[in-house]
Amino acid sequence: MRIISGIYKSRKIVAPKNLPVRPTTDMAKEALFNIINNLFYFDEISVLDLFAGTGNIGYEFASRGTENITCVDQDYKCIQFINQTAENFQMNINTIKSDVFKFLETSNLKTKIIFADPPYNFSEEQFAKIPELVFKNKLLLEDGILVIEHSKHTTGLSKLDHFSYSKSYGGSMFSFFE
């Protein structure tokens, strides 16, 4: 994986092979950040990255000037890798080792953007629980967005409350909630 833009543009990050992850592809990530770039100034937002995995999305935000980034993942090795990479690049990324659903149930952290990249094999109910908890617990700041990455075969998200639109890139889709 590589950082697309910003002060660390073109830097490659190689994650250990034993991490239980499926990083967002560079093509999909570039398209997502083009959308976000048209909505926000990166140096003025806060970001919550759920199911953070390798930290790929967090690094991209940090490279573009976002200073308030929190990554949540339940895997200790993923959190360790994010911490090590953030330290190597001198990025201000906070990590929390937690089950994402437990975190969403108890958190009072409010951010402008919440990005969630759960396992593609999640059930429709598991996917639906993410926006349900985010909006029930008011975790988005005013005019904030929730973006959920999922397989193009996951089709039920468009029926959920707060759904705005989705974009497809190869086998991946981003669903936006406001």
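A charge sits over a ring if NZ of Lys or CZ of Arg is within 6 Å of the ring centre and within 35 degrees of the ring normal. In this predicted model, the charged end of K129 meets that description over the ring of F101, 5.6 Å from its centre. The charged end of R22 sits over the ring of Y120, 3.6 Å from the centre. F101 also belongs to a cluster, joined through ring pairs with F51, F122 and F127.

Now the sheet. Seven strands form an open sheet with mixed pairing, in the order β3-β2-β1-β4-β5-β7-β6. Its edge strands are β3 (93-97) and β6 (163-169), each pairing on one side only. Neighbouring strands are turned by 15 degrees against each other on average, direction ignored.

Strand β2 (residues 68-73) runs parallel to β3, and five bridges join them. V72 has I96 in β3 as its bridge partner. Helix α3 (residues 76-89) packs on the sheet and touches β2 and β3. Its direction makes about 170 degrees with that of β3. Helix α2 (residues 56-63) lies across β1 (46-50), β2, β3 and β4 (111-116). It runs at about 175 degrees to β2.

The whole structure holds twelve aromatic pairs.

Y8, in the segment before α1 (26-37), and F89, in helix α3, are 81 residues apart. Both are buried. F115 in strand β4 and F174 in strand β7 (residues 172-177) lie 59 residues apart. F115 and F174 are buried too.

Definitions and conventions. Residues are numbered from 1 along each chain as its sequence is written. This is a predicted model: local features need pLDDT of at least 70, side-chain atom pairs count only at pLDDT 80 or more; totals for chains, interfaces and linings use all residues. Side-chain values use heavy atoms; hydrogens and water are left out. Two strands pair if DSSP finds at least two bridges between them. Helices (H or I, at least four residues) and strands (E, at least two) are DSSP runs, numbered from the N terminus. Axes are lines fitted to C-alpha atoms, for helices over the stretch in contact, and angles run from 0 to 180 degrees between N-to-C directions. Contact means heavy atoms within 4.5 Å. Rings of Phe, Tyr and Trp (its six-membered ring) pair if their centres lie within 6.5 Å; planes under 30 degrees apart count as stacked, over 60 as edge-to-face and the rest as tilted. Buried means under 20% relative accessible area, exposed over 50%, partly exposed in between (1.4 Å probe, protein chains only).
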